[in-house]
Amino acid sequence: MFSFLFQASAFARGESIKAFKPSSSSRRHQKQAASFVVHAAASGEAERLRLHNLSPLPGSRRKPIRKGRGYGAGQGGTCGYGMRGQKARGGRGTRPGFEGGQTPMYRRFPKLKGIAGGMSAGKPKFVTVNVSDLAQALADSKISAGQDVDLDTLKSVGLIKATGYYRNLPLKVLGDGELSQGLKVKAAAFSASASEKLAGAGGEAILVQGKKPKWSREAHEAAQAAAAK
C-alpha cells in the first residue's frame, strides 16, 4: 500500500516512473507496485497521475459471488445452505453450544470449585449484625441491658430475618455504630472493632461454635446416655 502511495506522489510531481523502486518488504505490495509501474509505463513515461487515468490495480477488485443464479455459477439452487433443515431456513438457526438435543459439553464436564466453578467461594459465610443494630434494639426495648444475646434471640425479636440459604449460617457481629449499654453477645465471629465496643460498654463478646456438628449415631447415643443419668 505504501509503495502505491509513493508511486502516486511520484506521478503527481511529474517524476519518471522507471527511477522509482518499491520499498515495501511485503511480496504482495511489491507485486502490486510493479504491476502499477508496468501499466503506467505502457501508457507513457511522461504521463502524470490525474483523475481521468486513475484505475485500481489488477486483481484488487473482485466481483461478488452471485448466489441463486444457476448451478453453472457455483452457488445455484441452495446457495450453499444445503437441502432443507433448520440451518437452511430463515432466521437465526441453532444457538451457540447446541448439540442437537444431547447433553452439551458445558453440562457434561465437571465444574471447578470456588469462583471458577459457580461463585460458591463468593457466597456469604455468616449472617451479620452491626453494633448499631444492637443499640437500636436496646432503644426499642426489644432486648434489655446485660441480657445474653445469640442468633436465636435476634431472630425472635426480628432483628435478623434469616431465610433460605441464610437460615443455617452462623452469626457474626460487625463494629458499625456505638453502644452505650452492656450486652453479652454470643456469636461465631466478631470483628476487632465490635469486640472493643462491646467490652467498652461493659458487655462481653463470647465465641461459640459456628455451625452445628454433623449428626452421628455415637454422639447421639452418648448424649442420650448423659441425659438419662
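Helices (H or I, at least four residues) and strands (E, at least two) are DSSP runs, numbered from the N terminus. Read along the sequence in these terms, the chain follows the pattern α-α-α-β-α-β-α-β-β-β-α-β-α. This is a predicted model, in which local features need pLDDT of at least 70 and side-chain atom pairs count only at pLDDT 80 or more, while totals for chains, interfaces and linings use all residues. Residues are numbered from 1 along each chain as its sequence is written, and side-chain values use heavy atoms, with hydrogens and water left out.

**The whole chain**

Select everything. The chain contains seven helices and six strands. Of its 229 residues, 21% are buried; buried means under 20% relative accessible area, exposed over 50%, and partly exposed in between, with a 1.4 Å probe and protein chains only. Among the contacts in the chain with a separation of 6 or more, 44% join residues 24 or more positions apart; contact means heavy atoms within 4.5 Å.

**The sheet S1-S3-S5**

Next, select residues 127–130, 171–174 and 189–190. What is the order of the strands in this open sheet? The three strands follow the order S1-S3-S5, with parallel pairing. Strands S1 (127–130) and S5 (189–190) stand at the edges with a single partner strand each, so one side of each has no neighbour in the sheet. Two strands count as paired if DSSP finds at least two bridges between them.

Four bridges join S1 to the parallel strand S3 (residues 171–174). Within S3, Val127 has Leu171 as its bridge partner, and Val129 has Val173. On the other pairing, two bridges join S3 to S5, again in parallel, and Lys172 has Ala189 as its bridge partner in S5. Now show the side chains of S3: Leu171 and Val173 form its covered face, whereas Lys172 and Leu174 form the uncovered one.

**The sheet S2-S4-S6**

Move to residues 148–149, 184–187 and 204–207. Here three strands form an open sheet in the order S2-S4-S6, with parallel pairing. Strand S2 (148–149) and strand S6 (204–207) are the edge strands, each pairing on one side only. S2 pairs with strand S4 (residues 184–187) in the parallel sense over two bridges, and Val149 stands opposite Val185 in S4.

**Helix H4**

Select residues 131–139. Helix H4 lies across S1 and S3 and runs at about 65° to S1; axes are lines fitted to C-alpha atoms, for helices over the stretch in contact, and angles run from 0 to 180 degrees between N-to-C directions. Which residues of H4 are buried? They are Val131, Leu134, Ala137 and Leu138. Viewed down the axis of H4, these buried residues fall within an arc of 120°, so they line one face of the helix; the arc is that of the directions from the helix axis to the C-beta atoms. Their cover includes S1, helix H5 (151–156), S3, S4 and helix H6 (192–200). Just after H4, Ser141 takes a positive phi of about 60°.

**The largest nonpolar core**

A nonpolar core is a set of buried Ala, Val, Leu, Ile, Met, Phe, Trp, Tyr and Cys residues joined through side-chain atoms within 4.5 Å. Select Leu134, Leu154, Ile160, Leu171, Val173, Leu183 and Val185, which touch the most other members of the largest such core, a set of 22 residues. At least two residues of this core come from each of S1, H4, H5, S3, S4 and H6. The largest share, four residues, comes from H4. Centre the view on Ile160: leaving out residues up to four places away in sequence, Ile160 touches Val127, Val129, Leu151, Leu154, Lys155 and Leu171.

**The loop between H2 and H3**

Finally, select Cys79, in the loop between helix H2 (27–43) and helix H3 (105–108). Most residues other than glycine have a negative phi. Phi of Cys79, however, is positive, near 60°. Arg84 lies in the loop between H2 and H3 and has a positive phi near 60°. Is Arg84 buried or exposed? Arg84 counts as exposed because its relative accessibility is 61%.
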